[in-house]
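Hello,

I am handing over the structure we spoke about, followed by notes on what was found in it. Please read the notes with the structure open.

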Amino acid sequence: MGIFSFLKKNSSNQSSDQLVQQLIEKIHSLQTENATLTTQSNKFNEILSSIIDGIIVLDFNKNIIFANKSSEEITGYSQAEITGKPLDQIIHFFSDTDEILSKTYCQGSFNQSARLIGKEGRQTRVNIMTAQITGTAGMGLSCILILHDLSKEEELEQMKLDFVSMASHELKTPLTSIVGYLSVFLDESKGKVPDESLGLVHKAFVAAQQLQTLIQNLLNVNKIEREQLSVAPQPLDYLPILQKGVEDLRNQANQKNIILELILPQSLPKIMGDPLRLGEVITNLVANAINYTNAGGKVQVSAQVSPIEIQTTIADSGIGIPKEAIGHLFNKFYRVANQTQQSSGKGTGLGLYISKSIIEKLHGKIWVESEEGKGSRFSFTLPIVTQSSQALNQDQYVSSAIQSGTLNY
């Protein structure tokens, strides 16, 4: 009740002294309430100011009615500069080249990374999260924006990628020499060095090769993260690539007494692919199948032709994969934490991640079907190149590779 309403209601019924006393009490009560509201408002502002994400509140006309301190740092605008002004005229969000307007991100929940352009053209990578405010028509509140600054995280990620690239390249050169010298020594020492000593050198040679593969995988992952994984698409015969991939691992299969079969149709059409990268994919998948199959088991590599693609399947009779792990298999550094991991004792969880990236860059698909104790089937597809469209398809692949920055040996 206001002061004047209070006076009007009570003046005819009470003496002057009583009226003054009640008026004093009413003023004191209002002052107390005001002080409480001010304290609560200050607390609220302190809480919002301590949040590291930017917070902007809009009314129903998409005008800015509040912006916390973090949003000032992200946009470059002080609260006084933008309060009461239309957000779309002050701050701009872009996804690639398309601007994202408030009518888009204030319609229900929204969560997307974007490029923010603020004061004097200042640009910042942010993640926009929004929420509508319901039941507040009387307060005039419509939408809340939460802006998470991604620039520092991206800078840290870039530093991490730079370090991995530098360290891997520095390790690759001397390790290549070590592998080369050990290979020459093993070839020239047969019959000259005792078998026991030669066996020790061979173990060192195998360990160096494994380390070389790890470093190469780290370099490939680094290129994938930078979107610079090189591919050289060309029409090619797929049969020799499959045959070489299987034969290179036949000795490994024989050592575990595993039957390694290659089953193919009478003829295979040409595909559009990269022979080097496809070799990596086949080697990864067949080696995994051998590693995760117990002695006496079987690994089968087969191919099926459809009108538009060739599907390659690597099936094994191994220990299989738990159902809950299948959805994560192609994630970077993911390894199944059960007997599968113990069966090989090796691996970094990079092979399937790299294989997926290669197949997708070649416009194919890769997937897995598995059941614990009953083996696994890894399959991938590659598009067929027909004689009539061969030149067109090759131009399309090469153009796409150049635009994405992947054709960069």
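Among contacts in the protein (heavy atoms within 4.5 Å) between residues at least 6 apart in sequence, 60% join residues at least 24 apart. The protein has 15 helices and 14 strands; these are DSSP runs numbered from the N terminus, with helices being H or I of at least four residues and strands being E of at least two. Of the 409 residues, 38% are buried, where buried means under 20% relative accessible area, exposed over 50% and partly exposed in between, with a 1.4 Å probe and protein chains only.

This is a predicted model, in which local features need pLDDT of at least 70 and side-chain atom pairs count only at pLDDT 80 or more, while totals for chains, interfaces and linings use all residues. Residues are numbered from 1 along each chain as its sequence is written, and side-chain values use heavy atoms, with hydrogens and water left out.

Helix 14 (residues 351-361) packs against helix 11 (residues 275-291) at an angle of about 145°, and their axes are 9 Å apart. Axes here are lines fitted to C-alpha atoms, for helices over the stretch in contact, and angles run from 0 to 180 degrees between N-to-C directions. On the helix 11 side the contact is made by R277, L278, E280, V281, N284, L285 and N288, and on the helix 14 side by G351, L352, I354, S355, I358 and I359. By class, this contact of helix 11 with helix 14 has seven nonpolar, four polar and two charged residues. Nonpolar covers Ala, Val, Leu, Ile, Met, Phe, Trp, Tyr, Cys and Pro, charged covers Asp, Glu, Lys and Arg, and the others, Gly among them, are polar.

Helix 8 (residues 195-225) also has a contact with helix 14: N217, N220, V221, I224 and E225 of helix 8 meet Y353, I354 and S357 of helix 14. The class count for helix 8 with helix 14 is four nonpolar, three polar and one charged.

In helix 9 (residues 238-247), the buried residues are Y238, I241, L242, G245 and V246. They lie on the same side of helix 9 because they cover an arc of only 125° around the axis, the arc being that of the directions from the helix axis to the C-beta atoms.

T124 counts as buried because its relative accessibility is 9%. Leaving aside neighbours within four places in sequence, T124 is in contact with I74, A114, R115, L116, D149 and S151.

Regards
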